[in-house]
Amino acid sequence: MNEPKALLMDATQMNRALSRIAHEIIERNKGTEHVALVGIRRRGIPLAQRLAARLKEFEGRDVPVGSLDITLYRDDLTELAALPVVHKSEVNFKLPGTVVVLVDDVLYTGRTARAALDALLDIGRPAAIQLAVLVDRGHRELPIRADYVGKNVPTSRRERVEVHMTEVDGEDFVALYDIE
């Protein structure tokens with residue numbers, strides 16, 4: 001792997017951003033009583049789990065956490081692989097009356113968020129759906145906007161943002177790379 005062009009967030013900055021997002025979720029929803037988090041596979045799941053831990057720390061109650069695999073909902077499925085690997089989605093709580101916060105690492109074109117909306121609505125109909133992302137890098141192709149953003153990073157289409165997480169990658173940081 002090539003060297004990063006820039007370090008966008010270190011572990012401390014990632015933790016601060018997640019704490020701020022957790023506070024914003026509490027404020028917007030007047031607590032967490034009707035809130036659940038659903039992480040979009042892959043790094044959205046540990047991000048959702050970290051947010052749930054902060055929400056519990058701040059509000060004193062557990063927030064349900066689910067996971068969503070959007071593989072079959074992607075509009076570029078045929079470009080991914082001849083036989084894409086599909087993982088199980090787990091949403092083990094009732095959706096009616098619940099505000100679901102979809103959690104992902106990077107918001108770029110909006111296509112992943114659109115696929116997640118489709119996948120979630122196939123499971124059930126929540127009271128509302130909000131979107132939380134660690135990094136919003138711009139370049140939207142669909143009319144999708146995050147409700148909660150850890151960091152806005154203007155990028156070029158010739159750059160790539162990578163979120164590294166201890167649970168998946170062994171360390172926490174967000175970096176910007178040139179596409180080769």
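## Fold order

In what order do the elements of the protein run from the N terminus on? They run β-α-β-α-β-α-β-α-β-β-β-α-β. That gives 5 helices and 8 strands. Helices (H or I, at least four residues) and strands (E, at least two) are DSSP runs, numbered from the N terminus.

This is a predicted model: local features need pLDDT of at least 70, side-chain atom pairs count only at pLDDT 80 or more, and totals for chains, interfaces and linings use all residues. Residues are numbered from 1 along each chain as its sequence is written, and side-chain values use heavy atoms, without hydrogens and water.

## Overall dimensions

The C-alpha trace spans about 45 × 40 × 30 Å along its principal axes. The radius of gyration, taken over C-alpha atoms, is 16 Å, which agrees with the value near 16 Å for a compact globule of 180 residues. The globule rule is 2.2 Å times the number of residues to the power 0.38.

Buried residues (under 20% relative accessible area, 1.4 Å probe, protein chains only) make up 48% of the 180 residues.

## Nonpolar cores

A nonpolar core is a set of buried Ala, Val, Leu, Ile, Met, Phe, Trp, Tyr and Cys residues joined through side-chain atoms within 4.5 Å. The largest has 30 residues; I25, L37, L134 and V174 touch the most other members. Elements giving two or more residues include β1 (6–10), α1 (11–28) and β8 (173–178). The largest share, 7 residues, comes from α1.

Leaving aside neighbours within four places in sequence, I25 is in contact (heavy atoms within 4.5 Å) with G31, V35, L37, L51, L55, V101 and Y148. Another core lies apart, with 21 residues, among them A36, I70, L107 and A116.

Methods
Buried means under 20% relative accessible area, exposed over 50%, partly exposed in between (1.4 Å probe, protein chains only).
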